[in-house]
Amino acid sequence: MSPHGAPMASGAWELRLMERMRKRDPEALGQLYDSYAGMVLALALRILRERSAAEDVVSQAFWQIWEQAPRYSEQRGSLAAWIVSIARSRALDLLRAEQREQRRRERAGEEIERRAEPVDDPAEWTLAGERRRQVVAALRDLPVEQRECVELAYYQGLSHREIAARTATPLGTVKTRILLAMDKLRDALAELASEGSQS
Amino acid sequence: MSHPAFRELCALEAVGALEPGERAELDAHLEGCRECRDYLDGLLEVSASLPLALRPELPPPAIRAALLARAAQDRRPASSGWWMPWVAFAAAAGLAAVLMLQVRELQKELELAQARLGEQGRQIAQLQRELAPIRAATSRAIQLKGLETVPASHGKAIIDPRSGQGVFFAYQLPPPPPGKTYQLWALRGGQPFDAGVFVTDAEGNAYLLVEKLPPLDQVDAVAVTIEPEGGVPAPTGTMVLLGT
């Protein structure tokens with residue numbers, strides 16, 4: 001699967017790529033990088049909001065992917081999910097270690113904030129692909145407060161207690177919002193994937 | 001915790017919002033709940049899709065070049081899996097445990113064999129000592145007869161006067177009086193030489209290995225007397241056996 005393909009499952013191309021990675025073929029790493037580096041950097045940038053640190057995450061994440069390729073098993077999830085998981089962990093580790101969050105919040109610029117928002121330019125869609133449009137649409141359909149809870153957890157690494165404190169919302173409400181949001185996203189993505197496969 | 005509550009934990013886990021204590025609780029539940037495992041797997045794929053909504057950012061070409069150059073120089077053999085070292089460790093630990101048990105068993109067997117060997121060595125040495133006077137050309141065999149008090153008793157002695165060694169057997173001797181013991185004497189020219197004290201078994205039989213006689217040119221007679229416990233340097237009590 002390419003990162004913009006659908007659904008989130010490892011295709012034969014990716015499995016062959018991982019097999020070459022296990023055999024220490026640097027070209028395979030290059031192809032994997034070409035497919036996912038853009039998303040990994042966007043993710044790191046969304047979490048860290050600092051370009052140089054986000055680029056460090058790209059280097060670290062792909063090296064970790066190279067080193068841990070033999071560990072990857074498609075039985076434990078898609079390749080995309082594995083790569084995203086590694087990249088997110090590295091970025092969140094960096095975020096926590098350097099405690100950039102507070103400083104960044106204090107000086108967060110509009111430009112960076114705008115960049116962090118989901119893509120809403122239709123012109124971008126033609127470049128991003130079907131799967132990306134699905135995710136953007138599914139997120140957009142979420143109530144704002146639900147989307148906020150999901151993004152604070154996913155991109156800021158906050159626990160539900162921290163989200164409740166940050167948003168001054170009852171703990172139970174935060175939990176419910178996240179549950180509802182994830183169920184809606186799952187249903188929306190499954191439905192769109194199903195429509196896509198029929199078309 | 002109810003089943004819907006675990007679905008809530010699954011949703012929190014999928015976006016990384018669980019508290020540490022809750023993860024342990026969820027893990028325990030997932031061990032036995034296939035439905036929740038499948039549910040969580042589905043949500044993890046959903047959360048992994050979230051970055052797709054972000055506008056891709058193009059990293060500097062230098063990152064790719066450096067990464068591939070580093071990978072090209074990485075000549076380490078590919079690991080066959082994260083579990084391999086643990087499997088190897090577990091196998092080695094298991095093997096070590098088995099070997100330790102075997103070593104302990106072998107040590108026990110060795111100690112037992114050594115004890116048996118030691119005992120056999122002592123028995124062989126005893127037999128050699130017993131055989132020595134019997135085989136010696138200068139040995140003399142003497143039959144002993146019971147005297148007045150113990151007419152049914154008798155014995156025999158084989159003594160080598162030159163080496164001072166010998167063996168003695170007594171038969172059907174009554175137990176000595178309390179505080180008394182039997183003592184064997186070798187007589188040379190009417191002079192008694194202490195050949196040792198002995199006790200009888202329940203049937204009145206006795207055996208004595210004679211080792212401490214001084215070298216004698218000849219043994220004229222062998223006698224047994226009743227003496228105070230521990231024996232005496234020269235006979236003082238009643239003679240019960242005599243052989244010439």
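In chain A, 65% of the contacts between residues at least 6 apart in sequence join residues at least 24 apart; two residues are in contact if their C-beta atoms, placed from the backbone, lie within 7 Å. This is a predicted model, in which local features need pLDDT of at least 70 and side-chain atom pairs count only at pLDDT 80 or more, while totals for chains, interfaces and linings use all residues. Residues are numbered from 1 along each chain as its sequence is written, and chains are lettered from A and ligands numbered from 1 in the order in which they are written.

Chain A contains 11 helices and zero strands. Here helices (H or I, at least four residues) and strands (E, at least two) are DSSP runs, numbered from the N terminus. Of its 199 residues, 42% count as buried. A residue is buried if 20 or more other C-beta atoms, placed from the backbone, lie within 10 Å of its own, exposed if 12 or fewer, and partly exposed in between.

One residue illustrates this. Ile83(A) belongs to helix α4 (residues 79-98) of chain A. Because it has 26 C-beta neighbours inside 10 Å, Ile83(A) counts as buried. Apart from its neighbours within four places in sequence, Ile83(A) is in contact with Tyr36(A), Val40(A) and Ile65(A).

The contact between the chains takes 56 residues from chain A and 43 residues from chain B. On the side of chain B that touches chain A, α1 (3-14), α3 (34-49) and α4 (61-73) of chain B each supply at least two residues. Of the contributions to this side, that of α3(B) is the most, with nine residues. By class, the side comprises 26 nonpolar, seven polar and 10 charged residues; Ala, Val, Leu, Ile, Met, Phe, Trp, Tyr, Cys and Pro count as nonpolar, Asp, Glu, Lys and Arg as charged, and the others, Gly among them, as polar.

Two of these helices also pack on each other. The axes of α1(B) and α3(B) lie 9 Å apart, at an angle of about 30°. Axes are lines fitted to C-alpha atoms, for helices over the stretch in contact, and angles run from 0 to 180 degrees between N-to-C directions. The two helices, α1(B) and α3(B), are therefore roughly parallel to each other, the term for angles under 35 degrees, whereas those over 145 count as roughly antiparallel, 65 to 115 as roughly perpendicular and the rest as oblique. Among the residues of α1(B) that meet α3(B) are Phe6(B), Cys10(B) and Ala14(B), while those of α3(B) include Tyr39(B), Leu40(B) and Leu43(B). This contact of α1(B) with α3(B) has 10 nonpolar, one polar and two charged residues.

Chain B also holds an open sheet of eight strands in the order β5-β4-β7-β8-β1-β2-β3-β6, with antiparallel pairing; two strands pair if DSSP finds at least two bridges between them. Its edge strands are β5 (191-198) and β6 (206-210) of chain B, each of which pairs on one side only. From one strand to the next, the twist averages 20°. Eight bridges join strand β4 (residues 180-188) to strand β7 (residues 221-228) of chain B in the antiparallel sense, and Gln183(B) has Thr225(B) as its bridge partner in β7(B). β7(B) also runs antiparallel to strand β8 (residues 239-243) of chain B, with four bridges, and the bridge partner of Val222(B) in β8(B) is Gly243(B).
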